[in-house]
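Work through the exercises below with the sequence and the 3D structure open. Try each task before reading its solution.

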Amino acid sequence: MCGIVGGIGKCDFRDYVLGGLKKLDYRGYDSAGLAYVKEGKVNLYKTPGTVEALASKVPAFEGAEIAIGHTRWATHGDPSEVNAHPQFSQGRLVYLVHNGVIENFRALKTRLKARGYSFLSQTDTEVIADVLEFHYLTNGKDALKAIRETEIDLEGSYACAIIFEGDEHLYFMKKGSPLLIGVGDKAMYLASDCLPMIKLAKSYVDLSDGDYGCLSPEGLTLYNEGRAVEPVYSERKIDDYDYDLRGYPHFMLKEIEEEPMVLSRLIDNYFDPESGEYLFDPSLLKAMKEADEIIFLACGTSHYASLYGLEFMEFYGKKASSYIASEWAYHPISLSKKPFYVLLSQSGETADLIACQKIINDEGRPNLAIVNVKDSTLSRRATYSCLIYAGLEVAVAATKSYIAQIGLMALLLGALTNSSSPVRHLEKLGEAIEDVIARKEDIHETAKKITGARDAFFVGRGSDYSAALECALKLKEISYIHAEAYAGGEIKHGPIALIEKGTPVFGLISEVDTALPLRNNIEEVKSRGAATYIVSSLSLSSGKDAFVTKDVKPYLNSFLKVVYGQYLAYYVSLEKGLPIDKPRNLAKSVTVE
Ligand code: F6R
């Protein structure tokens with residue numbers, strides 16, 4: 001959520017900042033702004049809406065010495081020009097962009113008001129600018145001292161890039177929200193992630209919580225809690241490959257079609273074919289074996305992936321449960337004596353899950369973070385961490401990361417049961433996904449039939465119900481069609497009242513035991529006017545089914561229905577002309593509660 005870009009030194013800042021903000025737009029935003037310093041003077045441009053709208057306002061500014069830019073996803077105050085960042089202090093000595101949430105901003109505002117400050121915006125960020133300015137003035141314009149004192153005042157999370165009018169450095173501070181420094185040839189950069197800098201930075205410094213400091217064109221000065229810190233430089237963070245559409249019209253389509261490759265990369269990272277051994281940390285496996293309950297916590301798509309983890313643990317003979325992180329954080333009850341927690345998150349930055357992890361860590365309980373982003377907050381704070389190696393996922397709607405999360409949990413099951421079978425099963429799954437990819441135009445044809453629908457339903461039983469939940473989420477988030485998932489048996493207990501003539505209902509059939517009752521459920525809605533589409537596995541299919549997926553191992557069959565659902569959502573959104581990769585109101589990484 002929100003994106004920060006900044007830099008100091010010799011650089012085409014207009015190109016870097018506007019281009020960089022564009023690269024961060026996958027995070028979700030509703031207003032944008034930038035400030036640059038030229039000949040010591042700060043120039044400010046902001047707008048509600050898109051980076052393109054901002055670009056149309058901003059003139060060329062060759063020769064600028066410092067620049068900062070921001071895409072804002074509104075939390076405090078509407079997405080207006082006045083609330084967009086950069087925010088500035090009352091005396092216009094401080095300009096800053098901020099990601100995160102200041103929890104005590106009301107109390108700080110009251111204190112500032114008593115000191116004669118008034119406010120233009122509704123944001124918590126303007127308060128940071130004023131607190132900084134206050135400390136700047138009371139410390140003889142010592143910017144680093146002002147930042148340190150401001151950090152002590154602030155409660156909450158922040159990643160900030162800060163300009164002090166008249167000062168030749170670019171300042172920053174970070175706690176709880178990601179911020180990265182990039183080292184260039186004749187310039188230094190900073191950004192919320194490495195995307196804006198990949199073509200410019202030779203190495204990176206991942207800032208830790210409590211870090212603050214300043215950049216000059218020559219380098220970085222870093223402090224933490226008032227003490228100087230030696231920066232740790234690392235090499236390139238991602239491949240350009242991930243941030244290149246490679247001829248695809250949308251990242252979502254590219255990412256769906258990377259799923260077979262992602263599965264085989266996952267296997268390569270966690271299984272050694274020579275020795276036939278899994279490459280998981282033995283102490284992780286030991287801790288999971290010794291636990292009396294495995295508790296999965298996650299949000300959104302990751303939560304739906306965790307439902308499979310739960311099922312896999314039950315195959316293994318372990319008691320398991322799965323909770324929505326934002327619920328569990330307020331009711332963190334476990335009756336088990338030795339719980340082991342599994343936290344699933346593509347971004348590794350989801351605030352609700354970080355809140356759960358704090359409770360778990362405070363209790364001294366072991367936890368595994370399954371994440372896609374290396375060194376993300378969750379993975380750093382976890383007892384154990386496993387990367388899913390899905391590669392950068394740019395589209396807001398999670399697709400390949402979902403498949404990779406489930407793939408990783410299947411491999412964990414293999415490691416826990418000393419069986420290499422899941423490796424072969426996942427290889428076969430990859431082939432079966434290729435088969436869905438090859439027949440995607442059939443799904444496109446179905447998508448065309450439902451573009452005008454107001455509501456759509458996905459119905460499944462057992463693991464098909466977990467798949468149905470994910471299919472419904474995909475459809476609603478990118479096509480804006482109201483979509484719900486129901487367990488087949490529940491249809492008669494209420495939802496059937498919603499069926500009207502032509503309401504699309506998708507029946508998912510992957511399990512032999514539930515195939516017949518599910519077909520009966522679909523017949524029941526069909527006889528009440530629904531337009532029904534059955535997506536079945538080959539061995540359970542009938543000639544009239546809308547789409548048939550290859551047979552893989554029974555416990556993996558229902559994922560192919562999710563790949564169907566991903567394509568369906570993609571094509572409906574395409575037919576409706578919607579912004580597929582960046583649906584309204586959504587953000588890729590949900591860093592606020
Ligand atoms: C849906 C989607 C979201 C995320 C959720 C959790 O396509 O992407 O529902 O799954 O916000 O995000 P992570 O996995 O980053 O914790």
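The model is predicted: local features need pLDDT of at least 70 and side-chain atom pairs pLDDT 80 or more, while totals for chains, interfaces and linings use all residues. Residues are numbered from 1 along each chain as its sequence is written, and side-chain values use heavy atoms, without hydrogens and water.

**Exercise 1. Describe the surroundings of the ligand.**

Step 1. Find the shell. It holds 15 residues, and the closest are Ser-302, Ser-345, Ser-347, Thr-350 and Glu-477.

Step 2. Look for polar contacts (pairs of N or O atoms within 3.5 Å). The side chain of Ser-345 has an N or O atom 2.6 Å from an oxygen atom of the ligand. For Ser-347, a polar side-chain atom is 2.7 Å from a ligand oxygen atom. For Lys-474, the distance from a polar side-chain atom to a ligand oxygen atom is 2.9 Å.

Step 3. Check the cover. On its own the ligand has 400 Å² of accessible area, and the protein covers 90% of this (Shrake-Rupley method, 1.4 Å probe).

Step 4. Sort the shell by class: six residues are nonpolar, seven polar and two charged. Here Asp, Glu, Lys and Arg count as charged; Ala, Val, Leu, Ile, Met, Phe, Trp, Tyr, Cys and Pro as nonpolar; the others, Gly among them, as polar.

Step 5. Domain 2 (242–438) and domain 3 (440–580) both give residues to the shell, so the ligand lies between them.

**Exercise 2. How many cavities of 30 Å³ or more are there, and what lines the largest cavity?**

Step 1. Apply the rule: on a 1 Å grid over the protein atoms alone, a cavity is a set of points where a 1.4 Å probe fits but cannot get out. Points are joined across faces, edges and corners, and the volume is the space filled by probe spheres set on them.

Step 2. Count: there are five cavities of 30 Å³ or more. The largest cavity holds about 90 Å³ of space.

Step 3. Read the lining (residues with an atom within 4 Å of a point). Among its residues are Cys-2, Arg-72, Trp-73, His-85 and Asp-124. By class, the lining has two nonpolar, seven polar and two charged residues.

**Exercise 3. Is the peptide bond from His-85 to Pro-86 cis or trans?**

Step 1. Read omega: it is near 0°, and the bond is cis.

How values were computed: Near = heavy atom within 4 Å. Polar contact = N/O pair within 3.5 Å; in protein donor to acceptor, adjacent residues only side chain to side chain. Domains from an automatic or database assignment. 1 Å grid on protein atoms, 1.4 Å probe; cavity = no way out; pocket = protein on both sides within 12 Å on 5 of 7 lines; lining within 4 Å.
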